[in-house]
Amino acid sequence: MTYTISKANKQQIGIILDLMLDGVSSDPTSVAALGKKWWQRLPFRYILGPRMLTSQMTTFAAEKEGRVVGYLVLQYEGDTAGTFDWAVTEPADEDGLDILGDLIEAALDHAEERGDTPLGYFGMQHDSDPRIGTLLTEMGFWLSDYQAAQMRTTLPLAESSPLPAGITIKPQISLRFGDRLAEFVRMDYDLPDEEDEDQKEEEAETGLPATEQASPSPEALGLSLADQVEAIANLHASTLRASKLYLIEEDGEPVGIIQQFNWRDELRLLIALEPFLWGTEAEQQLVAAMPEFVGKRTGYLRVRTFSREHLTASRERFEDLGLRWEEAPWQRWVVGL
């Protein structure tokens, strides 16, 4: 072996922060934004960054011939441990994939030793080298059907409307909603009950027919769809604190939630609904009413669902509002610890 993997020391932390700020990162756009201005870059590089990467998270470094050639920053959120950022500077067809695999192994071993995070995840951009997905599959990860696609447009929408008859939106206290989150996440996954159950579960996971998948499905790893949904609910719980949450009721009965995130000039809506509402006029009217309801009249609107199956069912209705389909920029790979 021509490289070593270890927890990053103080000197390596500094080098890793320089790499991140220079765009050598799994999320170069967001990380680079932290240091876009000199008065942001200096505090992040010398105060906030070192504190984050050592006290609040755990950072692993790969060193080869005295150079840092890769890193992985592990963060802890509720019941999950996952990647905050990672990068490898060596080419994938040389040591790159091996280095990344060993960094992931070191992070998983550390998370297992902690004993308080039963779930791990690895985040990467949708257009990352497909060999990374193969590596993760070999390590026991599965590609989650979790916000895998999105629809986006400018505001105002092509059409706007009042809430459909019988539908009400009730703001919730996000941080107090954790105990109820899982029941609404489950709504967004239509559990199969036909004789083609196995194939339907695979297609619901990736959005591709089973014969077109490049890697084994979660079912091949012994995970039922119910297991997957439970993992996704645990993974998602940490997002509550950074959002606003609305309970959707029809004739007084809970039928879903909408989670609102604001990013610069973009309104982001994440929707979970009972399957009988997918692709209906009522759902279309609900989405059309949300920008006015939250007071967002200009900028952009991004709509996501938990499951790809839900967004696929609603695609035509949302396109009538001016929204256009995109693959989501991120993939979340999950593994049990």
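Hi everyone, let me start inside helix α9, where E283, Q284, L286, V287, A288, A289, M290 and P291 are buried. Keep in mind that this is a predicted model.

How long is α9? It has 14 residues and spans 20 Å from first C-alpha to last, close to the 20 Å expected at 1.5 Å a residue. There is a bend, though: about 25° at A288, with a proline, P291, following within four residues. After the helix comes G295, with a positive phi near 80°.

Now to the partner helix. α9, residues 281-294, packs with α10, residues 308-319, at an angle of about 75°, and the axes are 10 Å apart. Angles from 65 to 115 degrees count as roughly perpendicular, so that is how α9 and α10 are arranged relative to each other. On the α9 side, the contact uses E281, E283, Q284 and V287; on the α10 side, H310, S314, R317 and F318. By type, the residues of this contact are two nonpolar, three polar and three charged.

Let's move on to some loops. Which peptide bond is cis? The one from L155 to P156, with omega near 0°. P156 sits in the loop between β7 (149-155) and β8 (167-172).

E65 has a phi of about 55° and lies in the loop between β2 (58-64) and β3 (67-77); E65 is exposed, at 70% relative accessible area. R264 also has a phi of about 55°, in the loop between β10 (253-263) and β11 (266-273). R264 is exposed too, with a relative accessible area of 65%.

Thanks, everyone!

Terms used:
Residues are numbered from 1 along each chain as its sequence is written. This is a predicted model: local features need pLDDT of at least 70, side-chain atom pairs count only at pLDDT 80 or more; totals for chains, interfaces and linings use all residues. Side-chain values use heavy atoms; hydrogens and water are left out. Axes are lines fitted to C-alpha atoms, for helices over the stretch in contact, and angles run from 0 to 180 degrees between N-to-C directions. Helices (H or I, at least four residues) and strands (E, at least two) are DSSP runs, numbered from the N terminus. Angles under 35 degrees count as roughly parallel, over 145 as roughly antiparallel, 65 to 115 as roughly perpendicular and the rest as oblique. Contact means heavy atoms within 4.5 Å. Ala, Val, Leu, Ile, Met, Phe, Trp, Tyr, Cys and Pro count as nonpolar, Asp, Glu, Lys and Arg as charged, and the others, Gly among them, as polar. The expected span of a helix is 1.5 Å times one less than its number of residues. The bend at a residue is the angle between axes fitted to the seven residues ending there and the seven starting there. Buried means under 20% relative accessible area, exposed over 50%, partly exposed in between (1.4 Å probe, protein chains only).
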